[in-house]
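Here are my notes on the model you sent. Please read them with the sequence and the structure open beside you.

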Amino acid sequence: MNTEILKLKKHVVICGSGRLGNDLAEQLTHRKEPFVIIDYAPEKIVAVRDRNFLCVLGDATDESVLAEANLSAAKAIVTALPTDAQNVFITLTARNLSPKIQIIAKAEQKSSCKKLRQAGANKIVMPHKVG
């Protein structure tokens, strides 16, 4: 699957295959937009592969894992991990690796929005506020 990911251009990197990540994957599939999902839980990756989605097993806060998802060729990255700290860290890392990439970050706490913006997020989503 690595060669398929390396062929991607202008794709979306989704960090986390929880509810938000899976919903986004469904939307992107419907729109025929290419994407890669990163998750550190092997059982979640098995479920992602069962749906024939491209994926990377690993910690999305790790630069090498983002590189494996071909971040340098991506048009956007979505940080959908459970904690704001993880999402801030991914935002910082992604912004340093790819200065022009569109970064959409999930926040649980309103106080994290400022930190995510400072880290380089273009857009911030607070799922519990949307609901």
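1. Helices (H or I, at least four residues) and strands (E, at least two) are taken here as DSSP runs and numbered from the N terminus. On that basis the protein chain has seven helices and six strands. In sequence order the elements follow the pattern α-β-α-β-α-β-α-β-α-β-α-β-α.

2. On the source: this is a predicted model, in which local features need pLDDT of at least 70 and side-chain atom pairs count only at pLDDT 80 or more, while totals for chains, interfaces and linings use all residues. Residues are numbered from 1 along each chain as its sequence is written, and side-chain values use heavy atoms, with hydrogens and water left out.

3. Overall dimensions. The radius of gyration is taken over C-alpha atoms, and the globule rule is 2.2 Å times the number of residues to the power 0.38. For 131 residues a compact globule would have a radius of gyration near 14 Å, and the 13 Å of the protein chain agrees with this. The C-alpha trace spans about 40 × 30 × 25 Å along its principal axes.

4. Burial and surface. A residue is called buried under 20% relative accessible area, exposed over 50%, and partly exposed in between (1.4 Å probe, protein chains only). Of the 131 residues, 47% count as buried. Accessible areas come from the Shrake-Rupley method with a 1.4 Å probe, and for residues only the protein chains shown count as cover. The accessible surface of the protein chain comes to about 7300 Å², and carbon and sulfur atoms hold 53% of that.

5. Contacts and charges. Contact means heavy atoms within 4.5 Å. Taking contacts between residues at least 6 apart in sequence, 52% join residues at least 24 apart. For charges, Lys and Arg count as positive and Asp and Glu as negative, with His and the chain ends not counted; each charge is placed at NZ of Lys, CZ of Arg, CG of Asp or CD of Glu. The 19 positive and 13 negative charges have mean positions 11 Å apart.

6. Aspartate 84 belongs to helix H5 (residues 84-97) and is buried, because its relative accessible area is 10%. A polar contact is a pair of N or O atoms within 3.5 Å; within protein, one must be able to donate a hydrogen and the other to accept it, and residues adjacent in sequence count only if both atoms are side-chain atoms. Such a contact, of 2.6 Å, joins the side chains of aspartate 84 and serine 112. Leaving aside neighbours within four places in sequence, aspartate 84 is in contact with Lys106, Ala107, Glu108, Gln109 and Ser112. Its C-alpha lies 9.2 Å from that of lysine 115, which is 31 residues away in sequence.

7. Cysteine 113 and methionine 126. Cysteine 113 sits in helix H6 (residues 111-119) and counts as buried at 17% relative accessibility. Methionine 126 is in the loop between strand S6 (123-125) and helix H7 (127-130); with a relative accessible area of 12%, it is buried too. The two residues are 13 apart along the chain, with 8.9 Å between their C-alpha atoms. With neighbours within four places left out, cysteine 113 is in contact with Ala107, Ile124 and Met126. On the same terms, methionine 126 is in contact with Ala107, Glu108, Gln109, Lys110 and Cys113.

8. Aspartate 62. This residue lies in the loop between strand S3 (55-57) and helix H4 (63-68) and is partly exposed, at a relative accessible area of 35%. A polar atom of its side chain lies 2.9 Å from the backbone nitrogen of serine 64.

9. Two lysines to check by eye. Lysine 10, in the loop between helix H1 (2-7) and strand S1 (12-15), has a positive phi, near 55°, although it is not a glycine. Lysine 32, in the loop between helix H2 (19-30) and strand S2 (35-39), has a positive phi of about 60°. Lysine 10 counts as exposed at 61% relative accessibility, and lysine 32 is exposed with a relative accessible area of 75%.
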